[in-house]
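Please view the sequence and the model together before turning to the points below.

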Amino acid sequence: MVSRSVLPYPGGSSVIVEQLAQNFAKDELIVLGAAPYFQQKQLTRPESSPEFQQFTCELTFFGRGYRYFKWTLKWHFQPLVRCIKEIVKTHKVDYIIGVFPTDFFCHAACRAAKELGIPFSSYFHNTYIENTNITDPKASEIQEEIFENSEHIFVMSKGMQQFYEEKYKLQKFVPLVHTFEKYPDKSTLTGIPEERKGKYRLVAIGNFNESNIDATRRLVNAIKGNPKFDLHVYTHVPKLLMQQRGLDTSALYHEGFVPPEEVHGKLQAYDICVLTHGFTGGYGEVEYRTIFPTRTIPFLLSGKPIFAHSPKGSFLNDFIHENSCAELVDEANEEAILAGLNRIADSKKRQSELVAAAAQTAHQFYGSNVVQELKKRLL
């Protein structure tokens, strides 16, 4: 599996790749990810873990500012292709999966597979040429090559599958959902909050960017100055950058980055998990329709009620309606947000219903089951 985003590189895609990979046996999978120059951090993984390798190709400024140096990647494309081919030959690899949301690694995986004449499938966590953030003039050409050479095009959700099938008239799009490796021990769950207590602690995790920043701003503004709710945010995004993105950081507690393996424990200190999904912003309309936030899964497993602020017509809304696993507000309205939070806070019955539905919903993301189906397609 070839993916730019691999832990310890932060972000949702890194978590997705890690969780998926850990459901393969040691001799079944090799993962190749990106590493920045001068900052080659290593992650300690279990002895039974598949092998992870790094390809050094990125310039950053103390781990940030990657986009300003992205133009240098063009000199690394052929070396990356050669690196992939060498791994294939050395380890007798018989199948390559290229992971997007960065075309560089996915495209190189596609090219290596084509040159070696071995099967290739792609895995799209987000849309590509439909995203208005994409400015590469060769994007359509690259996507066409990846689509044409993919045996399967795995996508993040049924929403993406439906969109792609309608647009491209291909029958090779297959949902490959986020996964988790293990169910949390029930003894770790701290339960739902007391009914009508004085203050409720809200928690949000993950990246706060164009995928959700407008919805997050509304949430922060809705509870700002309200003594009933406190918002605590765990993210690798610095406080200053969150301010530059329009968030009033004086109205929340910035808790910093939390490693994926510690997320469940952190959530137990809070009353309500908050999930924000962008309505509008710098991404394309299709992206907002098809995004499925990575942080949904730890929330489903947390034993805490979930509040979601997400737009009508999105796949996330369809998912929530189908599974009744979150209190949903789909209006871009601060008063509606506050009313939704109060519906959870003021009813222990509602809290219990949401937690039970979330626990049931989580089963569909259990990694062992997901990977078993994936293996059947690749055999």
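The model is predicted. Helix α4 comprises the 14 residues 103-116, and at 1.5 Å a residue it should span 20 Å. The C-alpha atoms at its ends are 20 Å apart, which agrees with that expectation. The points below treat this helix, then helix α12, and then the cysteines.

**Helix α4**
- Helix α4 is mostly covered, with 10 of its 14 residues buried.
- Gly117 follows α4 and has a positive phi, near 75°.

**Helix α12**
- Helix α12 covers residues 315-323.
- Its buried residues are Phe315, Leu316, Asn317, Phe319, Ile320 and Asn323.
- After α12 comes Ser324, whose phi is positive, near 50°.

**Cysteines**
- A disulfide requires two cysteine sulfur atoms within 2.5 Å, and by this rule the count comes to zero.
- Cys110 is in no disulfide, as the nearest cysteine sulfur, that of Cys106, is 7.1 Å away.
- Cys110 has a relative accessible area of 0% and is therefore buried.
- Cys325 is likewise in no disulfide; the nearest cysteine sulfur belongs to Cys273 and is 12 Å away.
- Cys325 counts as buried because its relative accessibility is 3%, given that buried means under 20%.

Terms used. Residues numbered from 1 in each chain as written. Predicted model: local features only at pLDDT ≥ 70, side-chain atom pairs only at ≥ 80, totals over all residues. Heavy atoms only, no water. Helix = DSSP H or I, 4+ residues; strand = E, 2+ residues; numbered from the N terminus. Expected span 1.5 Å × (residues − 1). Buried < 20%, exposed > 50% of the residue type's maximum accessible area, 1.4 Å probe, protein only.
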